[in-house]
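Please look over the structure below with the notes that follow, which are meant for someone meeting it here.

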Amino acid sequence: MSAGAERHQLVERLRDEIRRIERRPARRAGALACGRPEIDALLPEGGFRRGALTELAGGRASGKTAIALALFAALGPGDLAAYVDGRGELYPPAAAALGVDLARLLVVRPPPRTSAEGPARDPALVALWAAEALLASGAFAAVAVDVPVARAVRGADAAARRLQAAAEKGGAVGLWLAAVGGTALRVPVAVRLELTAEDGRIVGRQRHAADEAAWAGGASLLSRAAGVRGSWRPRVADPEDGDAA
Amino acid sequence: MRREASGLRVIALCLPELPLQRARRQRADGCDGPLAVVSEGRIVHCDGAAAADGVRPGATLSEALAACGRLRTVPLDPAADRAALRAVAEAVLLLAPAVEPCAPDVVLLDASAAGLLAGGAGRNASPDAGERVLAERAIAAAAEMGYAARAAVADGRAAARALVRHGAFSARTGELLHVAPGATAGAIAALPLEALGLTPAVTARLRGLGIADAGALARLPAGTLAHRFGPDGVAAARLARGEDDTPLSPYLPETLPVEALELEAPAESAEPLLFALKRLADRVAARLAGRGLGATRLKVVLKLDPRGEERVIVPLAQPTASAARWLVPAKEHVFSLRLPGAVTAVELAAIEVAPIAVEQLAIDDRPEALAALETVLARLGVRLGEGAIFAAEPVERYRPEAAYRAVPFRPAVARASALRSLGGSPGAGALAPSAAEPRPTRLVDPPTPIQAEGEGGRVTALRVEGRARAVLAMEGPERLRGEWWVPAPFDRDYYRVRLDGLGDCWVYRDAADGRLYLHGYFD
């Protein structure tokens, strides 16, 4: 065999090897309970569904971070978790105190501005991109996304829509931590829990979209993006608003 | 045949024409044309193509070029050859209890315990099967490093070395010459005296007596040799009889492996770089694997045309000696570069290593999940910078904002060390004593100044984010103070304050200015 042919064969073998390495891990199914009965009871399958995005909405001290950390603490010993910390506020010692294995928790804090390549991008968009990559990777069992992004940011809406598809692709539990009301971005999610702190207890309630029909377009978009048609339908993050855009 | 229980069995792995092989291996294209190694103006090694054109070792450079105009020559570099031999020794370190590089072109492996491997080779395996398996593995390891090799197994280091360099390898023996225990003297009898590694003076005197090979030397009476040649003669006769129990001097590598490759032509596209990276990764990984180590950080150096270089650090989530596992993150990092010129050579080094733990496949025991993790971490690292992705490690500090630090995210390493230390959760145990108190899940950094509203000396509301919120409950204070040795020590009284419509907040009064600050949320 000539050197050229041998080399061509080697390159082909390398390509195959890289394709094999980059193959996505087997998708996981089912639901993950966070270990807080009052929250798990609110969820359709008794826990946070894998391969779907769940919104935890609430005020600044409503308990949404504690619920996300409780879910991380309840993961299996081989599972990894990630927290996209767009606000830079996560306090890891508190996570450790809640039972989270910090060595298995990846914290992603996008820098204020990334201008190394091309024009500087909005940090929120970079954080959303990171969240999408983590959710779709298949390496993480749960990914919490805490990114303050305004509706007005160009491209944010599309980036947010891709999160659900990414969670479905990677089989991860996706948690979208959202503030209530204001100009925050609305993200299509499978389930939305609204949390409040009452007398030191976290109280949650599930909010269904009143106008689910208005979101049918959004649902089909998501199904196409994910390549499969899921059994659930995404609901509007802010049902009162009813704006599909 | 009688098996000697206590004899030293040695595998000698020979890299024939090492300077030539090394020169060929350094080029990514393999260098198809005639090639020769030159020292002091004379050819010392030449390949088959050059020999076919009439080039011979010992010829002057001008004679060689006259015989073969397209001859490519490289200078002899004994230091580089010794380094190459050590690199091969590294790659076979795990195969034997002792490995010794033996210049110029042999690596010796202690195979005394190789018989134990025979049990794994099948029910009907012969007692020598273990030695054969080991020798074949050593040849394969050398091949992975890019060298053609052959091996001989015999009693004692001198006999094994003599056989591998001067023995009769044939189509029947293949690349492995195996001599059964106790049969070494017969096997080396026909070898010339030079094969025994005697000093030139002893060899010349023996030849003067008409002794031409090892067999003739072995037949001489021991007393006569001692009388005429002294200790050197006795030692020579013992070697000739295959009675050599000199132990190997175990090789312990001191530096981390580095491998380099010159590209066929300056590369401007991804494919030649990937090709070179794969070859280098195989070689570095083989050397690390031989030492039972895995890389956690790689350095790729790209030499640019006409000058300059670009360095890339590739962090890895798991310590691994799997070259395939290195490729994806290395590709992400290297291909994200914008290079000012074409690449002429590539160098790969493992700059940070860790023992490969048994628990390496810890992430749900799914190898594909490990690969997925490497890939996504590499993508995030390239796009966001390495500082933006981390795991948090508790630090024993009382200042809340300094109670943790960012460390590279390596879940498998952390798991292995946690299992070793029997310390339980690596997270909770190392916290400062103050962590026994509740801590907010979100820390506001820097702390935000807030105003208190009250009556009769009692705080009734706090003005947070421009809005007054009634205080529903308050716990505290928890006094945290310290770092008196720094210019800005801290002295704070922390309160957990439940605010109407907001929830529980972490507030402190700073003794330095007497003001209140919001430092976190119990979200």
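1. Strands, as the word is used here, are DSSP runs of E at least two residues long, numbered from the N terminus. In this predicted model, B:A468 lies in strand 17 of chain B, which spans residues 467-482.

2. For chain B as a whole, the secondary structure comes to 14 helices and 20 strands, and 44% of its 523 residues count as buried. Among those contacts in chain B that join residues at least 6 apart in sequence, 62% are between residues at least 24 apart.

3. An open sheet of 5 strands in chain B deserves attention, with the order 5-6-1-7-8 and mixed pairing. Its edge strands, each pairing on one side only, are strand 5 (99-102) and strand 8 (176-178) of chain B, and the twist from one strand to the next averages 20 degrees. Within this chain, strand 1 (residues 9-14) and strand 6 (residues 106-110) of chain B pair in the antiparallel sense over 5 bridges, with B:C14 standing opposite B:V106.

4. Which strands does helix 5 of chain B touch where it packs on the sheet? Helix 5 (residues 129-144) of chain B touches strand 1, strand 6, strand 7 (150-155) and strand 8 of chain B, and its direction makes about 25 degrees with that of strand 1 of chain B. Helix 6 (residues 157-166) of chain B lies across strand 1, strand 5, strand 6, strand 7 and strand 8 of chain B, and runs at about 145 degrees to strand 7 of chain B.

5. Strand 2 (residues 35-39) and strand 3 (residues 42-46) of chain B pair in the antiparallel sense over 4 bridges, and B:V38 stands opposite B:I43. The two strands form a hairpin with 2 residues between them, and B:E40 in the turn has a positive phi of about 50 degrees. Both strands are also included in what covers the buried residues of helix 1 of chain B, as are strand 4 (72-75) and helix 4 (78-91) of chain B; in helix 1 (residues 18-25) of chain B, 8 of its 8 residues are buried.

6. The largest nonpolar core has 213 residues, and those with the most contacts inside it are A:A142, B:L13 and B:V92. A second, separate core of 13 residues includes B:A23, B:L35, B:A64 and B:L71.

7. Chain A calls for some caution in reading, with a mean pLDDT of 78 and 73% of its residues at 70 or more. Over residues 209-245 of chain A pLDDT stays under 50. Where pLDDT is low, the predicted coordinates should not be read in detail.

Conventions: Residues are numbered from 1 along each chain as its sequence is written. Chains are lettered from A and ligands numbered from 1 in the order in which they are written. This is a predicted model: local features need pLDDT of at least 70, side-chain atom pairs count only at pLDDT 80 or more; totals for chains, interfaces and linings use all residues. A nonpolar core is a set of buried Ala, Val, Leu, Ile, Met, Phe, Trp, Tyr and Cys residues joined through C-beta atoms within 7 Å. A residue is buried if 20 or more other C-beta atoms lie within 10 Å of its own, exposed if 12 or fewer, and partly exposed in between; C-beta atoms are placed from the backbone. Two strands pair if DSSP finds at least two bridges between them. Two residues are in contact if their C-beta atoms, placed from the backbone, lie within 7 Å. pLDDT is the predictor's confidence in each residue, from 0 to 100. Axes are lines fitted to C-alpha atoms, for helices over the stretch in contact, and angles run from 0 to 180 degrees between N-to-C directions.
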